[in-house]
Amino acid sequence: MKPDEPGDRRRGGLRRHRRRDSDQHGATVEHGRDAAYGVDARHGDSDAQLTRSAQGDSAAFTHLVKTHSSALHGYFARRMPAASEDLLAETWLQAFAARRTFDPARGSARGWLFGVAHNVLAQHLRRAGRQEPAPGPDVTDPWQVVDQRLDAAAMAPALRRALAELPSEERELLLLISWEQLTPTEAAAVVGIPAGTARSRLHRARGRLRDRLTLPRPAGRNLTATGDLA
């Protein structure tokens, strides 16, 4: 067999170089797309893992638990801190039992898991004779983040009151986006309404917050909410 000519070696090296560039570029685009939605960079992996779990791959479900337990625990800790551990455990039991109902064409695995968590919380509240959790002084964790997005720390108590006065669905949409970092489409799926309806209600809720959170201060400036809540 004749050895490769120099031109053949150059062409082969060029093809390999282009393949490496293509692979690296694809990974960068995928990471950027996930980051733009405010979700973890392994968003697509979670969808695939939940699909594989529905097909009988138990190891894939174990990876989902490791990936999303922290976020789901935070969801419960910010609403029902005393019961958060039990609610998280129940969420994973129900998610495993219902894993075959996941359809990636209808939304992400992350959104689907938060939908299961939302239903578990609703079941818990019904059993306790309550309709919804109300943000209060005992739920302190998220306000450390919220306060950083406000014009002044004095806004925090007013923000709690304003959120408590919102209709429950509007408040939940706002909190799913600002606390849990879901996209509006994912948040809509969690509460069970169309994405267009969710965007309309988000716009209305933010307008209500802006109206209620315009507070005078001695220097003549006003306090206003910013970030996801504005």
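**Helix packing and buried residues**

Modeller: In this predicted model, helix α4 passes helix α5 in a right-handed crossing.

Colleague: Which residues make the contact?

Modeller: From α4 they are L87, E90, T91, W92, Q94 and A95, and from α5 they are W112, L113, V116, A117, V120, L121, Q123 and H124. These residues divide into nine nonpolar, four polar and one charged.

Colleague: At what angle do α4 and α5 pack, and how far apart are their axes?

Modeller: The angle between α4 (residues 84–97) and α5 (residues 109–127) is about 120°, and the axes are 9 Å apart.

Colleague: Why is S84 called buried?

Modeller: Buried means under 20% relative accessible area. S84, in helix α4, has 5%, so S84 is buried.

Colleague: What lies around S84?

Modeller: Leaving aside neighbours within four places in sequence, S84 is in contact with H73, F76 and A77. A polar atom of the S84 side chain also lies 3.1 Å from the backbone oxygen of P81.

Colleague: How do you know that A60 is buried?

Modeller: A60, in helix α3 (residues 58–77), has 4% relative accessibility. The cut-off is under 20%, so A60 counts as buried.

Colleague: Which residues is A60 in contact with, leaving aside its neighbours within four places in sequence?

Modeller: They are Q49, R52 and S53. A60 and Q49 are 11 residues apart in sequence, yet 4.9 Å apart in space, C-alpha to C-alpha.

Methods: Residues are numbered from 1 along each chain as its sequence is written. This is a predicted model: local features need pLDDT of at least 70, side-chain atom pairs count only at pLDDT 80 or more; totals for chains, interfaces and linings use all residues. Side-chain values use heavy atoms; hydrogens and water are left out. Axes are lines fitted to C-alpha atoms, for helices over the stretch in contact, and angles run from 0 to 180 degrees between N-to-C directions. Helices (H or I, at least four residues) and strands (E, at least two) are DSSP runs, numbered from the N terminus. A crossing is left-handed if the near helix is turned anticlockwise from the far one by less than a right angle, and right-handed if clockwise. Contact means heavy atoms within 4.5 Å. Ala, Val, Leu, Ile, Met, Phe, Trp, Tyr, Cys and Pro count as nonpolar, Asp, Glu, Lys and Arg as charged, and the others, Gly among them, as polar. Buried means under 20% relative accessible area, exposed over 50%, partly exposed in between (1.4 Å probe, protein chains only). A polar contact is a pair of N or O atoms within 3.5 Å; within protein, one must be able to donate a hydrogen and the other to accept it, and residues adjacent in sequence count only if both atoms are side-chain atoms.
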